[in-house]
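Work through the exercises below with the structure in view. Try each task before reading its solution.

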Amino acid sequence: HFFGISFFSPTSRAALKMSLCFDEKFLEEELSGFNPVEAYVRAYTDTQKTIDQLRRNLEEYSTLQQTLERAGENLSLPMMVPFGPLALFPGRLVHTNEVMAFLGDNWFAQMTAKQAQGVASRRQLKIQESIATLEKRLKSILSKLQLAEDLQGEGPELSSTVSAG
């Protein structure tokens with residue numbers, strides 16, 4: 001009892017029972033707008049978009065790997081330094097072997113280009129694993145979509161079989 005109210009009184013049990021029971025007509029109305037084929041098509045396109053984005057990220061990491069490889073070869077690089085809008089003079093870009101790497105959750109670490117290559121390659125492996133998992137999910141969604149399309153074509157026969165059984 002809590003302040004004189006019993007949580008398992010007969011009236012609360014009846015209310016709980018009524019809330020757990022559902023009206024078949026209400027359920028039929030709720031499910032009348034549900035189309036499993038559309039749901040699977042939407043899931044398929046969303047998963048495909050995610051895979052495409054991950055593949056773009058993988059390409060960006062490949063470009064980053066190449067850039068880090070070039071930057072890590074020298075401690076400084078010659079370049080033409082802009083001096084105002086019209087003038088350039090020869091100079092050197094220093095500390096090309098040092099990079100600031102994003103570790104996650106707004107944390108950064110200063111490391112060498114070689115260490116950053118290791119971080120990038122580990123991230124590439126994770127992305128490849130994610131792509132493989134999503135491709136498996138894509139195959140599963142496709143098989144479920146085909147099954148839903150087959151069942152949707154057999155709508156009246158299926159409902160008579162279920163109601164008879």
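**Surface and ground rules**

The accessible surface of the protein chain is about 13300 Å², and carbon and sulfur atoms hold 61% of it. Accessible areas come from the Shrake-Rupley method with a 1.4 Å probe; for residues, only the protein chains shown count as cover. This is a predicted model: local features need pLDDT of at least 70, side-chain atom pairs count only at pLDDT 80 or more, and totals for chains, interfaces and linings use all residues. Residues are numbered from 1 along each chain as its sequence is written, and side-chain values use heavy atoms, with hydrogens and water left out.

**Exercise 1.** List the secondary structure elements of the protein chain in order from the N terminus.

*Solution.* Start with the rule: helices (H or I, at least four residues) and strands (E, at least two) are DSSP runs, numbered from the N terminus. The protein chain has five helices and four strands. Their order is α-α-α-β-β-β-β-α-α.

**Exercise 2.** Find what share of the 165 residues in the protein chain is buried.

*Solution.* Buried means under 20% relative accessible area, exposed over 50%, and partly exposed in between (1.4 Å probe, protein chains only). Buried residues make up 18% of the 165.

**Exercise 3.** Classify the ring pair of F83 and F89.

*Solution.* Take the rule first. Rings of Phe, Tyr and Trp (its six-membered ring) pair if their centres lie within 6.5 Å; planes under 30 degrees apart count as stacked, over 60 as edge-to-face and the rest as tilted. By this rule there are two aromatic pairs. In the pair of F83 and F89, the centres are 5.8 Å apart and the planes stand at 75 degrees, so the pair is edge-to-face. Now check exposure. F83 is exposed at 58% relative accessible area, and F89 is partly exposed at 37%.

**Exercise 4.** Locate M100 and state whether it is buried or exposed.

*Solution.* M100 sits in strand β3, residues 98-104. Its relative accessible area is 55%, so M100 is exposed.
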